[in-house]
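Subject: Structure handover

Hello,

Here is the structure I promised to pass on. My notes on it follow below.

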Amino acid sequence: GRALKTLVHVHGIQLMLSGVYNADPHGGNVLVLPDGRLGLLDYGMVGRLPPEERETVAKTILALSKKDKAQTARIYRENGYRATSANGDDIDDSTLHRFASFHLDRIDLSPLTLDNGDKVDTLELLRSTRERVVPSWVEEGRRLGGLLQGVSAQAARP
């Protein structure tokens with residue numbers, strides 16, 4: 001609900017605006033107060049993202065929002081991300097776009113159409129792809145996103 005949207009919004013602002021954010025947002029560090037406000041606890045573990053990396057994240061999020069696979073892939077490649085298929089070839093733009101979506105947007109496990117037109121099972125693609133180089137901005141973004149998804153899943157349980 002509203003509390004979860006606020007939690008994600010707050011962490012997005014921390015990450016993108018100041019570059020300093022709570023790097024451990026689990027359910028035990030979040031209180032929903034009686035009036036609906038959030039109480040955020042335990043900033044003992046913080047992440048930091050320098051301005052140039054925040055700009056890269058912002059450009060990636062814009063490319064993802066436009067569903068621009070080529071632009072998303074270009075940003076990832078130019079900023080150090082590298083992954084290969086099981087046979088050692090670099091992954092295509094469609095795969096890289098889907099991975100960027102996992103890292104910074106949402107989990108989409110629907111079948112993926114590769115650049116060559118082949119349809120592949122996303123879980124199989126995840127199993128067969130090898131990340132070779134993961135820049136810190138990707139790791140920070142996906143870690144924070146994963147933790148926030150966990151908090152959301154916990155909140156959805158009775």
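**A loop residue to start with**

At 46% relative accessibility, Asp 42 counts as partly exposed. The cut-offs are under 20% relative accessible area for buried and over 50% for exposed, with partly exposed in between (1.4 Å probe, protein chains only). Asp 42 sits in the loop between β3 (38-40) and β4 (46-48). Its phi is positive, about 60 degrees, although Asp 42 is not a glycine. Most residues other than glycine have a negative phi.

Lys 67 is another case, with a positive phi of about 55 degrees, and Lys 67 is not a glycine either. Its place is the loop between α2 and α3. Lys 67 counts as exposed, at 61% relative accessibility.

**How to read the values**

This is a predicted model: local features need pLDDT of at least 70, side-chain atom pairs count only at pLDDT 80 or more, and totals for chains, interfaces and linings use all residues. Residues are numbered from 1 along each chain as its sequence is written, and side-chain values use heavy atoms, with hydrogens and water left out.

**Overall layout**

The protein chain has six helices and eight strands. Both are DSSP runs numbered from the N terminus: helices are H or I with at least four residues, strands are E with at least two. Along the sequence the pattern reads α-β-β-β-β-α-α-β-α-β-β-α-β-α. The C-alpha atoms fill a box of roughly 55 × 35 × 25 Å, taken along the principal axes.

Of the 158 residues, 35% count as buried. The chain exposes about 9,000 Å², and carbon and sulfur atoms supply 55% of that area. Areas come from the Shrake-Rupley method with a 1.4 Å probe; for residues, only the protein chains shown count as cover. Take contacts (heavy atoms within 4.5 Å). Among those between residues at least 6 apart in sequence, 56% join residues at least 24 apart.

**The nonpolar core**

The largest nonpolar core has 26 residues. Such a core is a set of buried Ala, Val, Leu, Ile, Met, Phe, Trp, Tyr and Cys residues joined through side-chain atoms within 4.5 Å. Those with the most contacts inside this core are Tyr 76, Tyr 81, Leu 96, Phe 99, Leu 104 and Trp 137. At least two core residues come from each of α1 (2-18), α2 (51-65), α3 (69-78), α4 (93-104) and α6 (136-156). In soluble globular proteins, nonpolar side chains tend to be buried together.

What does Tyr 81 contact, leaving aside its neighbours within four places in sequence? Its partners are Tyr 76, Leu 96, Phe 99, His 103, Glu 131, Val 133, Val 134, Pro 135 and Val 138.

Ile 75 lies in helix α3. Ile 75 is buried, with a relative accessible area of 3%. Not counting residues up to four places away in sequence, Ile 75 touches Thr 56, Lys 59, Thr 60 and Ala 63.

Ser 65 is in helix α2. Ser 65 is exposed, at 52% relative accessible area. Its C-alpha atom is 9.4 Å from that of Ser 101, 36 residues apart along the chain.

**Charges and salt bridges**

The chain has 21 positive and 21 negative side chains, and the centres of the two sets lie 5 Å apart. Lys and Arg count as positive, Asp and Glu as negative; His and the chain ends are not counted. Each charge is placed at NZ of Lys, CZ of Arg, CG of Asp or CD of Glu.

A search of the whole structure finds 10 salt bridges. The criterion is a side-chain nitrogen of Lys or Arg within 4 Å of a carboxyl oxygen of Asp or Glu.

- Arg 98 and Asp 108 pair at 3.7 Å, N to O. Arg 98 lies in helix α4 and Asp 108 in the loop between α4 and β6 (112-113), so the pair ties together parts 10 residues apart in sequence. Arg 98 is buried, at 9%.
- Asp 105 and Arg 106 have their closest N and O atoms 2.8 Å apart. Asp 105 is partly exposed at 43%, and Arg 106 is partly exposed at 42%.
- Arg 142 and Glu 131 have their closest N and O atoms 2.7 Å apart. Arg 142 lies in helix α6 and Glu 131 in strand β8 (residues 130-133), so the pair ties together parts 11 residues apart in sequence. Shared partners join Glu 131, Glu 139 and Arg 142 into one salt-bridge network.

Best regards
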